[in-house]
Amino acid sequence: MSAGNCDGNVALPLRNVLNSLQCIRDRVRDGESNESHGAFNLSNFWDTLNQAVKAVSQEATKLSLAFSSQPLPSQQDAETLSESMLKSILTLSTVYYWLPKSQGVTLRRQVRDGTVDVLEGVAQLVEVIVTSPLESLSQDQLTSTGAVWSACDQFAQIPRDNKAALLVVLSSQVGVVKDALEEMEQALSEPQDPFNDVLDDEQEGDSPRSNLDTYWSENDRSVIAPCQGLMKAAAACLRKLTSAVKANGDSSVAQNVAQLDDLADISKEISPSVDDLALCLYPPMDYSGVENNTSKLAAVLKKVLQIIRSGHVCGESELTWVQFLDGAVDHNLQKAKDLMDQDS
């Protein structure tokens, strides 16, 4: 340990904490919650969890300060600091396990991810303290301490119920689909060659390229139009669903919580399906790939609309757009197939 922050006797309790931390983190990442057999108070859970997070932040700060300058803590002080750090970590993980799946799998995943971020941050800090030379307070130690604070502060942004957790999922999906649509529209707006800015640097001389595989044919562009229609239907579905969840979403009844989880799970399939379709539209277009990916996206959207229609977030006012988008998906899918069949 001559190259480390502290000698072997002082480092031992820190190494023990690090080993325990890594085990706790892995169990939280992969473990199951304790099912609640009685009434579960979500408000009390959040109060207790926030206190546990605050305690971890405070203990991490105390540990970092203690090893930031000479004189280093004695072996006894190091053991006391380590025990306090481990106690706060065990409390945090224990409180996390209180949250049952019946409060929403979507919510629980986001609380789990936030908890794991804190545990990973503390593990990194302890490792830096054990392994970094003590010439002065290292940049790594400052960075690691800041990372723990940041992970703890992020708990304020974690959704408080399953309705809010679903809205976080939908927001991320909306952004990805919007980006895919904008990229495709940008490529289509180029005069002819969507790879112009990518390939020009490799072009020797002033003669234009003759590789037609980098261009869309007129029929390619006609096929792209209904594919864009499907992508726009995906974007509209996410926007409308977000509004419906804000207006009608409910996390107070087990059946409704489960419906919100179903919507979260199927919604997460939208952006990958949109991306897959967008990628296969670039030249040279493989019509079999386009056909597979249009069918895949259409199937996902139909499933989303079916779950919306049968769930509590769909009131009378939502039925109109659900039916409209359902028809739009069918129309664009059939149009794309007809155009590809026409060209084959």
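Reply: What follows is a talk about ring pairs, one serine and a set of charged side chains. Please keep in mind that this is a predicted model.

Me: Okay, rings to begin with. How many aromatic pairs are there in the whole structure?

Reply: A search of the whole structure turns up four aromatic pairs. In one of them, the ring centres of phenylalanine 40 and phenylalanine 45 lie 5.9 Å apart and the planes stand at 45 degrees, so this pair is tilted.

Me: Why does 45 degrees make it tilted?

Reply: Planes under 30 degrees apart would count as stacked and planes over 60 as edge-to-face, so the 45 degrees between phenylalanine 40 and phenylalanine 45 makes the pair tilted.

Me: Going back to the phenylalanines, which residues make up their cluster?

Reply: Ring pairs link Phe40, Phe45 and Trp46 into a cluster. Tryptophan 46 also has arginine 160 lying over the face of its ring, at 3.9 Å from the ring centre.

Me: Changing topic, where is serine 88?

Reply: Serine 88 sits in helix α3, which covers residues 75-98, and at 7% relative accessibility this serine counts as buried.

Me: So what is around serine 88?

Reply: Leaving aside residues up to four places away in sequence, serine 88 touches Ala55, Val56 and Glu59. A polar atom of the serine 88 side chain also lies 2.7 Å from the backbone oxygen of methionine 85.

Me: Now charges. How many salt bridges does the whole structure have?

Reply: The search finds nine salt bridges in the whole structure. As background, side chains of opposite charge can pair when their charged atoms come close.

Me: Which partners does arginine 29 have?

Reply: Arginine 29 forms a salt bridge with aspartate 26, where the closest N and O atoms are 3.2 Å apart, and another with glutamate 120, where the closest N and O atoms are 2.5 Å apart. The glutamate 120 pair links distant parts of the chain, since arginine 29 is in helix α1 and glutamate 120 is in helix α4 (residues 105-131), 91 residues apart.

Me: And where is aspartate 26 compared with arginine 29?

Reply: Aspartate 26 and arginine 29 both lie in helix α1 (residues 8-30), three residues apart, which is about one turn of the helix. Aspartate 26 also forms a salt bridge with arginine 25, with the closest N and O atoms 3.2 Å apart.

Me: Is arginine 25 buried or exposed?

Reply: Arginine 25 is buried, with a relative accessible area of 19%, because the cut-off for buried is under 20%. Arginine 29, by contrast, is partly exposed at 33%, while aspartate 26 counts as partly exposed at 32%.

Key
Residues numbered from 1 in each chain as written. Predicted model: local features only at pLDDT ≥ 70, side-chain atom pairs only at ≥ 80, totals over all residues. Heavy atoms only, no water. Phe/Tyr/Trp six-rings, centres within 6.5 Å; stacked < 30°, edge-to-face > 60°. Lys NZ or Arg CZ within 6 Å of the ring centre and 35° of its normal. Helix = DSSP H or I, 4+ residues; strand = E, 2+ residues; numbered from the N terminus. Buried < 20%, exposed > 50% of the residue type's maximum accessible area, 1.4 Å probe, protein only. Polar contact = N/O pair within 3.5 Å; in protein donor to acceptor, adjacent residues only side chain to side chain. Contact = heavy atoms within 4.5 Å. Salt bridge = Lys/Arg side-chain N within 4 Å of Asp/Glu carboxyl O.
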